[in-house]
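Hi,

Here is the model I promised to pass on. Have a look at it first, and my notes come after.

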Amino acid sequence: MSDGDLDALRAQRMAQMQSQFGGGGGNDAEKQQAQQEQMRAQEEMKHSILSQVLDQQARARLNTLKVSKPEKAQMFESMVIRMAQMGQVRGKLDDAQFVSILESVNAQMPQSKSTVKYDRRRAAIDSDDDEDYGC
């Protein structure tokens, strides 16, 4: 990641913070349009950083992850972008490196344990003695 990209990210973040806390005049439609434009610019910046950092297979795996688990994909993206901004990423991440980073994201995510309870008594309510109409 070049210094120009980092400077652009810093300027964008500074503008975002100033718009949130600085206030200012204008009507709601203009503010909403400016906010949408800013979100669009952030998405473009995020995609450009990810395309610089991830190789083709890792991008494909990330897109698959976005479809199945969007919150995990968002955490992964933010982690990779943060690593790239701090200079921890050298070159493009391949699939094996993607998996190792994803495992660290999995360790950070709260684990939810789901259980299925089956009530057998309700299944026994239906009696074979009843006449089935319509069969």
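Below is what I found in it, starting with the overall fold.

Keep in mind that this is a predicted model, where local features need pLDDT of at least 70, side-chain atom pairs count only at pLDDT 80 or more, and totals for chains, interfaces and linings use all residues. Residues are numbered from 1 along each chain as its sequence is written, and side-chain values use heavy atoms, with hydrogens and water left out.

The overall picture: the protein chain has six helices and zero strands, and along the sequence that reads α-α-α-α-α-α. (Helices are DSSP runs of H or I with at least four residues, strands are runs of E with at least two, and both are numbered from the N terminus.) Of its 135 residues, 21% count as buried, meaning under 20% relative accessible area with a 1.4 Å probe, protein chains only. Among contacts (heavy atoms within 4.5 Å) with a separation of 6 or more, 71% are between residues 24 or more positions apart.

Now for the aromatics. Searching the whole structure turns up one aromatic pair: F76 with F98, tilted, at 4.3 Å centre to centre and 50° between the planes. (Rings of Phe, Tyr and Trp, the last by its six-membered ring, pair if their centres lie within 6.5 Å; planes under 30 degrees apart are stacked, over 60 edge-to-face, and the rest tilted.) F76 sits in helix 4 (residues 70-85) and F98 in helix 5 (residues 95-108), so the pair ties together parts 22 residues apart in sequence. Both F76 and F98 are buried.

Those two phenylalanines also turn up in the packing around helix 3. Helix 3 (residues 56-68) packs on helix 5 at about 40°, with the axes 8 Å apart; axes are lines fitted to C-alpha atoms over the stretch in contact, and angles run from 0 to 180 degrees between N-to-C directions. On the helix 3 side you'll see Q57, A58, R61, L62 and L65, which meet D95, F98, V99 and L102 of helix 5.

Helix 3 also packs against helix 4, at about 140° with axes 6 Å apart. That makes the two oblique, the class left over once angles under 35 degrees (roughly parallel), over 145 (roughly antiparallel) and 65 to 115 (roughly perpendicular) are taken out. L62, L65, K66, V67 and S68 of helix 3 make this contact with P70, K72, A73, F76 and E77 of helix 4.

Cheers

Notes:
Buried < 20%, exposed > 50% of the residue type's maximum accessible area, 1.4 Å probe, protein only.
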